[in-house]
Amino acid sequence: PKEAAASKEAPTTPFAAAPIVASADDMVRFWHGLLRGRLLKPETVRGQFQHLYPMFDQGTFYGRGVMLYDVGDPKTGRFTWLGHSGGSPGIKAVVAYAVETGAYVAVALNSDGSAEATANLLLKALLSPR
């Protein structure tokens, strides 16, 4: 179909995966504002996480437009991210707040790699003692 061809040429077309173009910095600013109650009332944000449903990947849950990630690591143990990820073929993105550390992370890839795995590596590097 004509629409499918257009979406391959213009990745900013917001279909179901909503691959809208933004920088990682923009994603963190948005997520920080959301979680701090600057975009929606705090009770509305809490309500987004109130009823979470398991997703395809083990340890990933979906609420009302938000995701919770139960991230495990053999060396550091388990920790929780509040965020959102998604993409289309050739475009992947994730933005998350690491609850235990208070760190924000965002990754936007223009490849089929794992944005979540890249974000996990960035957080480990950021939080590891030097």
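**Close-up views of the strands and cores**

**View A. Strands S5 and S6 form an antiparallel pair.** Strand S5 and strand S6 (residues 103-109) pair in the antiparallel sense over 7 bridges. Strands are DSSP runs of E with at least two residues, helices are runs of H or I with at least four, and both are numbered from the N terminus; two strands pair if DSSP finds at least two bridges between them. The bridge partner of Lys-92 in S6 is Leu-109. This hairpin has 4 residues between its strands, and Gly-102 takes a positive phi near 75 degrees. The model is predicted: local features need pLDDT of at least 70 and side-chain atom pairs count only at pLDDT 80 or more, while totals for chains, interfaces and linings use all residues. Residues are numbered from 1 along each chain as its sequence is written, and side-chain values use heavy atoms, with hydrogens and water left out.

**View B. Strand S4 pairs with strand S5.** S4 (residues 77-88) and S5 (residues 91-98) are antiparallel, with 8 bridges. Gly-87 has Lys-92 of S5 as its bridge partner. In this hairpin, with 2 residues between the strands, Gly-90 has a positive phi near 90 degrees.

**View C. The largest nonpolar core has 14 residues.** Such a core is a set of buried Ala, Val, Leu, Ile, Met, Phe, Trp, Tyr and Cys residues joined through side-chain atoms within 4.5 Å; buried means under 20% relative accessible area (1.4 Å probe, protein chains only). Tyr-69, Trp-81, Val-94, Ala-119 and Leu-123 have the most contacts inside this core. Strand S3 (67-73), S4, S5, S6 and helix H4 (115-127) each give two or more residues to it. A second, separate core of 12 residues includes Trp-31 and Tyr-104.

How values were computed:
Buried < 20%, exposed > 50% of the residue type's maximum accessible area, 1.4 Å probe, protein only.
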